[in-house]
Amino acid sequence: MVKVILDLKGLNADDALKLQDACVLIEKGVNSNIFSEKVKNFSYTITKCTGYFRWKKCYTEKVNGFTSTNDSVDLILSNILSGKTQDELGPVSDGVMNIRVGVIPKTNRFSKVIGYTSPGESKTYVYRPNFNAMTNKDLAGHLFHEYIHRVGYDHSSASDLNSAPYAIGYILENILEVIAP
Ligand SMILES: [Zn+2]
């Protein structure tokens, strides 16, 4: 069983309450029976072509795994469940996900970016307008996406939806729609 612990330092009472609820949701979702199954069975399709012109033949192939990484689904899953992130001081693999969040003002109100986590830093930043607009479930999905970055997985762009942070973030949100409607 995975435990999610939220560092309350620097948070006001309302923000802390919302974030704590989101962390409870992450814990519920990740510990559900279907989470591991959905991660292990995730696949995406690629189109491969051989030959040229009228000899060109294309076919689609199903790949079990996530884009932007060569790690197997089993390794990705065990890395996420271990609670070990790239930014922690020691090799912590205690099954505890430590989450630290800062809610910050948004300077570019037209930007679609919800927040960010800088490589090597354990604190995740969420922009205030997005933080306020998100439901607790959306926030859980977003924090989990950022957490997966901290575990060491990335995406090539915001449209790399089969990458571990996006795909597993959405797996969690979909599970929450079912178990915490
Ligand atoms: Zn991301």
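What percentage of the 181 residues in the chain is buried? Buried residues make up 29% of them, where buried stands for 20 or more other C-beta atoms within 10 Å of a residue's own, with C-beta atoms placed from the backbone. This is a predicted model, in which local features need pLDDT of at least 70, side-chain atom pairs count only at pLDDT 80 or more, and totals for chains, interfaces and linings use all residues. Residues are numbered from 1 along each chain as its sequence is written.

Let's start with the overall layout. The chain holds six helices and six strands, taken as DSSP runs (H or I, at least four residues, for helices; E, at least two, for strands) numbered from the N terminus. Along the sequence they follow the pattern β-α-α-β-β-α-β-β-β-α-α-α. The C-alpha atoms fill a box of roughly 65 × 40 × 35 Å along the principal axes.

Now to a pair of helices. Helix α1 (residues 13-30) packs with helix α6 (residues 164-179) at an angle of about 90°, and their axes are 9 Å apart. That makes α1 roughly perpendicular to α6, a label for angles from 65 to 115 degrees. On the α1 side, L25, I26, K28, G29 and V30 meet L172, I175, L176 and I179 of α6, a contact meaning C-beta atoms within 7 Å.

Finally, look at A16, which lies in helix α1. A16 is partly exposed because 16 other C-beta atoms lie within 10 Å, between the limits of 12 or fewer for exposed and 20 or more for buried. Leaving aside residues up to four places away in sequence, A16 touches L8 and L11.

Conventions:
Axes are lines fitted to C-alpha atoms, for helices over the stretch in contact, and angles run from 0 to 180 degrees between N-to-C directions. Angles under 35 degrees count as roughly parallel, over 145 as roughly antiparallel, 65 to 115 as roughly perpendicular and the rest as oblique. Two residues are in contact if their C-beta atoms, placed from the backbone, lie within 7 Å.
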